[in-house]
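Keep the sequence and the 3D view side by side as you read.

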Amino acid sequence: MMATTVPASTRTKQPEKGQPRNQQQNLVEATSSRAAMVQSAANAALTHTVSGISATGRSISSMVSSGLQSPKHRIVEMLHAFDVTDLASSARHTLSTTSSIVFSPLTVQAVKGDLTGIASLTGLTGMAPHLMASHYLKRATANAQALALTGAIQATPMPADQLLAEDIPEPAARVSLFQGFKASYPGHAKNGRRSKNHQRRRKQGYGETDADDPQAAFSSLLNERERTIKEQVKLQTQKTVIQCELDQIAASIETLQGKQKNLGFQLAKLSEREDDLADTLGEINDKLAGISEGNKNSNGQQMQLEYRNETRDSGTCMQTFYGHDGIVTCLDLNGPYGTMVTASRDRTTRVWDLTTFKCLGQLPGHEDYVECMQLEDTTLVTGSRDNTIRMWNLADLHHSQDSRSSSPSPSESSRHSNDITARMNDDDDYSRSSTDTLNVLDSCWTSTLNGHTGSVTCLYFEDSKLLSGSNDKTIKEWDMTTGQCVLTMDLLWAMSTSNTWSDWMNDGNDESYVGGLQFWQYALCSGTIDGAIRMWDLRTGQSHRTLAGHTGPVTTLQFDSFHVVSGGVDKSIRIWDLRTGGIQEILQYEDPVRSLQFDSSKIIVGSGDSLKIYDRNSQQHSYYTGHTNTVESVRFSDSVLASGGQDSTVRLWQR
């Protein structure tokens with residue numbers, strides 16, 4: 001570095017070599033005296049400078065504490081106010097260099113926003129006066145000694161701004177100043193930037209803290225705690241949102257599974273219905289082939305079936321049978337072109353040929369009218385109010401005999417119905433006199449079962465096993481081969497154990513005590529006057545399950561593999577799920593339900609003066625109208641539906 005020169009007025013002349021020794025000694029003493037004076041003046045100036053520097057340090061500390069924007073310029077302005085001539089420039093340059101170092105952006109600890117840097121700067125300003133005083137004291141002593149010995153003052157350092165303006169010479173070493181700086185401070189060598197997370201933490205006041213300042217450390221920990229709480233709340237909110245989405249997905253999955261189960265159930269019903277239709281079609285084809293071979297007249301020509309030649313819509317009444325002069329209580333048929341048996345309160349049981357619509361005759365033997373019956377192929381079982389059960393074999397009936405009385409034509413049937421109505425009004429004995437024209441089919445009777453002490457109200461048989469329900473409050477199991485009763489089930493005991501006794505049972509109700517029953521192997525299902533559906537085990541004779549829901553006597557029921565369908569006086573039909581024991585569906589009507597029969601696709605209901613057809617797939621109702629009074633009994637076989645009612649007629653419908 002270049003040294004600045006001292007003005008000529010302050011220089012001391014060099015002694016010449018040829019002068020005498022006394023003169024040299026005087027010159028030394030004068031020089032020493034002058035050096036002492038200069039040292040005294042320097043000490044005074046130094047004391048003044050030190051006091052100014054102390055004041056400047058305190059000002060810098062106050063400015064840094066108050067957060068001024070440009071403390072460097074303020075320091076320079078304060079230095080101009082000092083009354084220092086010789087040392088003002090050096091002090092100004094020194095403080096300028098100090099402030100440049102302190103406030104330089106390359107400083108390891110930046111002052112702005114850094115509590116540690118501020119604390120360091122405050123310590124520096126406190127130490128500055130002592131450091132500066134020691135430095136200038138050494139400098140002044142050295143200058144005085146140099147002046148005394150050589151007559152010259154040592155060089156004074158150049159100001160920082162002038163030094164920075166000078167060209168930097170090429171160093172002899174291979175490592176430059178800036179390379180050494182990068183090696184010393186690697187954190188500032190990466191483009192002079194910190195990470196985003198570090199900058200964010202510095203902005204939020206999460207910098208390093210001084211271990212000697214507990215208040216700053218406490219504030220930093222509070223800020224860190226607040227940030228942590230905010231992040232925790234944010235995470236909790238995100239967890240809640242994700243959990244809500246998971247719940248929505250789970251609900252959607254459950255809904256789709258329910259739809260899948262429902263569609264699978266509907267598909268199973270359609271498949272079952274398809275199988276039934278295929279079986280029905282095969283049976284019809286077999287019967288058509290048999291009828292075509294067997295039914296020929298005397299001329300060898302095939303007989304014409306009246307309702308087979310036309311294609312009719314569902315619900316069309318194909319034929320109306322007249323002949324009974326009392327309420328038709330029950331009926332059954334074994335096929336669309338087979339045999340139909342009807343019973344009435346006129347105490348007659350009639351057999352009809354569905355091929356020719358002829359009445360083949362009546363079945364004698366019961367002393368009162370028949371309340372229930374079942375016809376399977378050629379086997380017929382009837383239960384009567386005379387407390388007996390009779391079994392019949394209709395295999396010997398010859399449908400083609402011309403000697404049998406025939407059913408009238410539609411026009412003749414209307415006149416015949418009017419004649420019946422008129423005669424019933426004029427003569428009470430018409431019902432008995434009308435039976436004189438019927439053939440008595442006494443050869444069809446096979447056996448009689450005695451054992452009930454009340455009216456037989458319902459029955460069901462399969463293979464050689466028969467079960468019957470009676471108003472004597474019992475259900476009996478019979479062996480049809482031997483005619484013996486093998487089991488009796490007490491309904492009163494079952495009602496007392498299930499607590500299903502109802503108030504309407506004490507109102508003198510004339511309803512049947514057992515409204516309906518059906519069994520399969522050892523499982524029996526019965527519906528009784530207390531409105532309950534009971535499941536029985538025929539091996540033990542005990543009731544093991546009760547389905548309560550009806551609010552009136554049960555009048556009819558039927559079950560399949562999955563459901564029980566029951567109807568009652570409470571004007572409703574209830575569809576029960578055998579797997580859960582709950583009610584799957586309720587159908588409400590305006591009149592009591594007297595009879596029903598169902599398959600996989602439809603439920604046929606006799607209620608009021610019309611037939612209600614409920615489609616189980618579309619869940620829609622359709623109605624067959626034609627009866628003029630309450631429908632008491634309905635039965636269907638394949639595509640033919642028969643109904644009988646209180647208008648004393650039996651109607652045949654296209655199903």
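## Basis of the model

This is a predicted model, in which local features need pLDDT of at least 70, side-chain atom pairs count only at pLDDT 80 or more, and totals for chains, interfaces and linings use all residues. Residues are numbered from 1 along each chain as its sequence is written, and side-chain values use heavy atoms, with hydrogens and water left out.

## The whole protein

The protein has 11 helices and 28 strands. Both are DSSP runs numbered from the N terminus: helices are H or I with at least four residues, strands are E with at least two. Of the 655 residues, 39% are buried. Buried means under 20% relative accessible area, exposed means over 50%, and partly exposed lies in between (1.4 Å probe, protein chains only).

The protein exposes about 37700 Å², and carbon and sulfur atoms supply 50% of that area. Accessible areas come from the Shrake-Rupley method with a 1.4 Å probe; for residues, only the protein chains shown count as cover. Take the contacts between residues at least 6 apart in sequence: 50% of them join residues at least 24 apart. Contact here means heavy atoms within 4.5 Å.

Residues 363-394 are 0% helix and 59% strand, with end C-alpha atoms 10 Å apart. Residues 449-488 are 0% helix and 65% strand, and their end C-alpha atoms lie 14 Å apart.

## The sheet from β6 to β9

Four strands make an open sheet in the order β6-β7-β8-β9, with antiparallel pairing. Strands pair if DSSP finds at least two bridges between them. The edge strands are β6 and β9 (445-450), each pairing on one side only. From one strand to the next, the twist averages 15°. For such angles, axes are lines fitted to C-alpha atoms (for helices, over the stretch in contact), and values run from 0 to 180 degrees between N-to-C directions.

How much of β6 is buried? Five of the seven residues of this strand (residues 370-376) are, so β6 is largely enclosed by the rest of the structure. Six bridges pair β6 with β7 (residues 379-384) in the antiparallel sense. Valine 370 stands opposite serine 384 in β7. The two strands form a hairpin with two residues between them, and aspartate 377 in the turn has a positive phi of about 55°.

## The sheet from β10 to β13

A second open sheet of four strands has the order β10-β11-β12-β13, and its pairing is antiparallel. Its edge strands are β10 (456-462) and β13 (484-490); each pairs on one side only. Neighbouring strands are turned by 20° against each other on average, direction ignored.

β10 and β11 (residues 465-470) run antiparallel and are joined by six bridges. Cysteine 458 stands opposite glycine 469 in β11.

## Two buried residues

Phenylalanine 598 is in strand β22 (residues 593-598). Its relative accessibility is 4%, so phenylalanine 598 counts as buried. It touches Gln558, Phe559, Asp560, His563, Val565, Ile603, Arg616 and Phe636, not counting residues up to four places away in sequence. The C-alpha atoms of phenylalanine 598 and leucine 557 are 9.7 Å apart, though 41 residues separate the two along the chain.

Histidine 627 sits in the loop between β25 (620-625) and β26 (631-637). Is histidine 627 buried or exposed? It is buried, with a relative accessible area of 6%. Its side chain makes polar contacts with the side chains of serine 643 (2.7 Å) and aspartate 647 (3.1 Å). A polar contact is a pair of N or O atoms within 3.5 Å; within protein, one must be able to donate a hydrogen and the other to accept it, and residues adjacent in sequence count only if both atoms are side-chain atoms. Beyond its neighbours within four places in sequence, histidine 627 has contacts including Asp609, Leu611, Arg651 and Trp653.

## Loop residues with positive phi

Lysine 571 lies in the loop between β19 (563-568) and β20 (572-577). Its phi is near 65°, a positive value in a residue other than glycine. Lysine 571 is partly exposed, at 35% relative accessible area.

Glutamine 619 is in the loop between β24 (610-615) and β25. Glutamine 619 is not a glycine, yet has a positive phi of about 60°.
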